[in-house]
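Hi,

Here is the structure I promised to pass on.

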Amino acid sequence: MARWCYRHRLLVLLLWVGALVGMGATASAKGPDYANVFSLPNTDSKTAYDLMTKAFPKASGDTDTMVWKVERGSVRDEAVRARIQPALAKIARMPGIGAVGSPYAGPQGAAQISRDGTIAYAQLTFTERANEVPQKLVQDVVDTAQDAERGGLEVELGGQAITRIQQPPTGLSEMVGVVAAAVVLFLAFGSLFAMLLPIAVAVFGVGIGLFSTQLISHVTGVPDIAPLLASLIGLGVGIDYALFIVTRHRRGILRGMEPEEAAVTALNTSGRAVLFAGGTVCIALAGMLVTNLRFLDGVVIGTSLTVVLSVLAAVTLLPALLGLLGPRVLSRRQRRRLAAQGPEAERASGLAAKWSATVQKRPRTIAVLAVVVMTVLALPVLSLRLGAADQGNDDASTTTRKAYDLLAEGFGPGFNGPLQVVSVSGDTDVLVRGIRETDGVARAAALPPAQGVTVIQVVPTTSPQSEQTDRLIDTLRDEVIPKAGAQAHVGGVTAVSKDFASVTGDRLPYFIGTIIGLGFLLLLIAFRSLVVPLTAAVMNLIAAASSFGVLVAVFQWGWGLDLLGLGKEGPIQAFLPIIMLSLLFGLSMDYQVFLVSRMHEEWVHTKDNARAVRVGLAETSRVINSAALIMVCVFLAFVLSGNSGAAMAGVGLAAAVALDAFVLRTALVPAVMHLLGGANWWLPGRLEKRLPHLAVEPGEEPQQETRPTAGGATVVYGFVRDAEGEPVQGAAVTLLSKGGRQLDRVTSLADGSYILAVPSPGTYLVAITAAAYGSKARHVVVGEEPLVYDVELTGDEVDAVNRPSSARP
């Protein structure tokens with residue numbers, strides 16, 4: 001498939017462009033239909049919600065709040081009313097506004113004025129849901145309300161519709177993430193064209209994925225956070241997967257392979273690993289379905305679809321783009337060096353090789369230090385508290401946060417999250433008295449009953465996110481309602497958030513067990529080892545604990561929130577652990593696969609564990625760290641999204657990926673594998689026979705790259721001549737595996753002769769380079785006997801022979 005895409009590159013590119021434009025046009029015509037649907041069957045708040053819906057059908061539109069405060073006097077003063085009432089009247093006349101509940105509208109409105117008379121609020125009801133209200137209408141409402149401000153009179157607005165106009169422009173976080181990733185890619189590749197390849201692959205995959213998710217939102221429930229999370233994970237994996245393939249492709253060209261062969265080999269090796277890694281991410285995401293939380297179904301659909309399309313772009317669009325670029329995927333300096341010096345030797349050097357040797361020398365010390373670091377970072381997770389973010393967590397400069405604080409100041413902290421006790425039988429008066437006498441209740445009042453259902457509005461003395469409010473809900477359910485002899489249920493947004501957190505916490509162990517078990521089985525089949533997948537499972541748990549520790553310290557304790565501009569501390573979003581763990585386990589599996597597959601390949605060839613771990617770490621740590629740095633940049637950019645859930649996920653995943661790549665995969669995993677020795681690759685014989693075979697990244701030549709053994713080694717020899725038949729002295733003659741690994745390299749003698757040592761029979765690549773003649777490369781098939789291969793250099797051509805040579809025996 002890679003060869004076909006490479007050779008039909010224009011057709012493949014046109015198909016992808018057509019798919020992107022077509023899906024974009026269709027999605028734009030339909031528009032989004034995102035909906036946050038929390039389905040919590042068998043919970044008290046869900047029962048209360050169902051009863052209220054039956055007895056009091058909800059208004060179709062979103063209700064937001066306009067709040068004002070005077071520094072001196074009272075909001076009832078004529079000077080204040082003269083400014084506020086015209087604004088409310090103007091808002092009421094706007095198309096799209098269903099009703100305006102003014103505090104100046106008789107006795108009923110009087111309850112919307114605080115006891116000291118300094119704060120009042122009006123309820124603004126739109127005719128549509130918050131996500132469907134035109135932003136121009138919302139902006140007109142805000143402008144009209146705030147035009148009423150003057151010295152000593154503050155006007156603020158809160159609500160879901162108001163929140164939408166405070167968010168940064170759509171796509172800002174994605175754009176910042178792409179720019180940051182581009183900088184890292186340019187530093188890693190040193191080539192503008194090579195830098196653009198992963199960006200292009202990610203843009204196509206994520207773009208089509210988001211358009212598809214938008215269309216799917218018309219068919220099934222998709223929450224508004226799904227596209228944000230889909231673009232977050234899609235950009236990360238799309239760029240990373242392309243990075244792995246392009247790195248292998250460039251390495252093949254530098255080792256003397258033709259661009260087409262390098263692309264095919266890259267897709268047959270790193271491309272297979274990308275398919276496996278993408279599959280593991282989708283499996284980890286699908287693990288969310290185990291929780292049976294309908295809210296997460298749309299997240300699974302959106303993120304999984306985007307990952308699948310990113311993988312598809314990496315294995316089809318990328319080889320087409322590689323075909324368009326040809327050797328320009330290398331930097332100019334690399335192309336000049338290749339022409340002058342010939343193929344490079346494949347050896348790890350620099351910082352990666354030095355670090356790998358250090359880990360081999362001091363595995364115990366490095367393992368202990370890594371465990372200490374991860375343990376310290378994981379300690380805050382012991383105080384993890386799940387809940388729901390609200391506008392009280394917005395940045396202090398936003399109008400929604402100011403409105404929230406004014407309402408809390410004027411009517412009590414619990415006013416922003418009232419409870420609804422829905423009663424269907426029993427003495428309502430007794431129940432209301434019992435609720436009022438309960439500690440933690442500021443006030444309680446029963447609304448007129450309808451269809452046998454009575455709703456009691458309960459305002460707690462504490463904020464919606466307070467632990468005391470959670471305890472009040474439990475007290476009402478377990479003590480107050482049974483004592484009153486009533487059949488009643490506690491509902492409201494605050495109760496729903498508490499029940500959602502409880503359900504999530506109860507189902508979290510099943511979810512973790514599912515994704516760890518699936519990951520264990522996949523790695524067991526891929527690497528034919530019990531210890532490697534067990535080590536990976538433990539490392540994933542360590543990474544999860546440490547990343548959640550960072551999340552708690554930042555968002556729950558408030559460390560650095562002001563610096564990041566992320567508002568006020570509060571509980572961790574209840575849905576975040578499941579989403580984060582899905583993404584974290586999938587991404588951790590990616591790095592484990594790319595790291596251990598190289599180690600496993602070396603182990604198969606040498607049966608030397610120390611060498612396998614050292615070589616695997618030295619050759620993959622640089623690309624893994626580059627990939628991780630790109631993901632960190634992409635994830636942190638989502639702090640700019642304006643969505644608290646996406647910001648939490650971005651910070652948490654950035655911490656998780658950084659710790660996973662820079663501490664676990666670079667230090668702890670190789671250190672532990674050095675300590676375990678050959679036990680890393682142990683698998684009982686009975687299990688070996690029953691397991692299916694799955695090639696993650698197949699060895700390029702299972703037989704050819706083994707060390708020479710008695711009777712197995714042979715040679716390739718011959719002469720290097722020019723077009724006139726004259727010998728070429730000093731030509732670099734290199735023997736490489738089909739995947740580009742250098743096995744031997746010699747320089748032709750005065751008579752043009754050369755001889756290369758071949759470890760064992762098989763197919764190899766012979767590359768010849770001379771400064772005045774250019775390069776020539778050909779695959780040769782070596783049997784049990786020495787192979788004669790004479791080379792003619794023509795001056796300025798690069799031979800592109802793809803078929804194995806049948807040179808003279």
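Leu 196 comes out as partly exposed at 40% relative accessibility (buried is under 20% relative accessible area, exposed over 50%, partly exposed in between, with a 1.4 Å probe and protein chains only). Leu 196 sits in helix α9 (helices are DSSP runs of H or I, at least four residues, and strands are E runs of at least two, numbered from the N terminus).

Before you go on: this is a predicted model, where local features need pLDDT of at least 70 and side-chain atom pairs pLDDT 80 or more, while totals for chains, interfaces and linings use all residues. Residues are numbered from 1 along each chain as its sequence is written, and side-chain values use heavy atoms, without hydrogens and water.

Now the aromatics. There are 7 aromatic pairs (ring centres of Phe, Tyr or Trp, the last by its six-membered ring, within 6.5 Å; planes under 30 degrees apart are stacked, over 60 edge-to-face, the rest tilted). One of them is Trp 68 with Tyr 104, a tilted pair at 6.1 Å centre to centre and 40 degrees between the planes. Trp 68 is in strand β1 and Tyr 104 in the loop between β2 and α5, so the pair ties together parts 36 residues apart in sequence. Both of these residues are buried. Trp 603 and Trp 681 are stacked, at 5.7 Å and 20 degrees. That pair links helix α22 to the loop between α24 and α25, 78 residues apart.

Ring pairs also join Tyr 121, Phe 411 and Phe 415 into a cluster.

Cheers
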